[in-house]
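Welcome! Please take a look at the sequence and the structure before reading on.

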Amino acid sequence: MAQATPRYLEAILHHDIPLTRAMGLRVLSWEDRQLRLGIPLAANINHKSSMFGGSLYCAAVLAGWGWLHMRLHEAGINDGHIVIQQGAVDYPVPALGDVVSECSDPGDAAWEKFLKVYQRHGRARLNLQSRVLCDNKEVVSFSGQYVLHR
């Protein structure tokens with residue numbers, strides 16, 4: 001099994017979700033159970049010279065998807081498929097430059113419950129929060145429910 005590194009996840013994303021290549025997405029870091037993705041403005045610019053809302057939404061969703069993929073990989077779980085089931089997004093201000101999308105650990109209790117349900121039923125849900133920053137300002141807050149199923 002490949003080591004859970006930023007390059008490993010970036011290769012998975014670019015292969016399994018081709019849109020990520022077109023977006024110019026890069027995996028910046030995976031440290032202390034926090035995933036950081038980078039997305040350039042140039043590949044995602046809209047008619048107002050800001051980042052396209054759909055690209056921002058994708059950046060937020062992909063941070064959660066990638067976070068879950070990395071945690072599962074580290075736990076040796078590779079028999080499931082991750083999908084986004086629900087998402088709620090807020091765009092407080094426009095992104096006028098390159099952005100960083102982040103997803104952090106939901107906590108040990110949520111993770112342990114998620115694993116236990118998956119092992120018992122072959123399907124489990126996990127709520128993850130992500131945010132997108134531009135020049136250290138939050139331009140997107142996102143809450144998503146991800147499902148892992150066999």
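Which residue takes a positive phi in the hairpin of strand 1 and strand 2? It is aspartate 32, with a phi near 50°, in a hairpin that has two residues between the strands.

A word on the ground rules. This is a predicted model, in which local features need pLDDT of at least 70 and side-chain atom pairs count only at pLDDT 80 or more, while totals for chains, interfaces and linings use all residues. Residues are numbered from 1 along each chain as its sequence is written, and side-chain values use heavy atoms, with hydrogens and water left out.

**The sheet**

Helices (H or I, at least four residues) and strands (E, at least two) are DSSP runs, numbered from the N terminus. Six strands form an open sheet in the order 1-2-4-5-6-3, with antiparallel pairing; two strands pair if DSSP finds at least two bridges between them. Strand 1 and strand 3 (81-90) stand at the edges with a single partner strand each, so one side of each has no neighbour in the sheet. On average, neighbouring strands of this sheet are turned by 25° against each other, direction ignored.

| Strand pair | Bridges | A bridge pair |
|---|---|---|
| Strand 1 and strand 2 | five bridges | tryptophan 30 and leucine 35 |
| Strand 5 (residues 123-134) and strand 6 (residues 137-149) | 12 bridges | leucine 133 and glutamate 138 |

**Helices on the sheet**

Helix 1 (residues 6-16) packs on the sheet, touching strand 1 and strand 2 (34-39), and its direction makes about 140° with that of strand 1. Axes are lines fitted to C-alpha atoms, for helices over the stretch in contact, and angles run from 0 to 180 degrees between N-to-C directions. Helix 4 (residues 108-121) lies across strand 5 and strand 6, running at about 140° to strand 5.

In helix 1, Tyr8, Leu9, Glu10, Leu13 and His14 are buried, meaning under 20% relative accessible area (1.4 Å probe, protein chains only). The buried residues of this helix pack against helix 2 (19-23), strand 1, strand 2 and helix 3. Let's pick out glutamate 10, which has a relative accessible area of 10%. Its side chain makes a polar contact with the side chain of arginine 7 (2.6 Å). A polar contact is a pair of N or O atoms within 3.5 Å; within protein, one must be able to donate a hydrogen and the other to accept it, and residues adjacent in sequence count only if both atoms are side-chain atoms. Not counting residues up to four places away in sequence, glutamate 10 touches Leu25, Arg26 and Val27, where contact means heavy atoms within 4.5 Å.

**Tryptophan 30**

Tryptophan 30 sits in strand 1 (residues 26-31). Is tryptophan 30 buried or exposed? It counts as buried because its relative accessibility is 11%. Beyond residues up to four places away in sequence, its contacts include Ala4, Pro6, Trp67 and Arg71. Methionine 70 is 40 residues from tryptophan 30 in sequence, yet their C-alpha atoms are 8.3 Å apart in space. The side chain of tryptophan 30 also makes a polar contact with the side chain of glutamate 74 (2.7 Å).

Definitions and conventions. Buried < 20%, exposed > 50% of the residue type's maximum accessible area, 1.4 Å probe, protein only.
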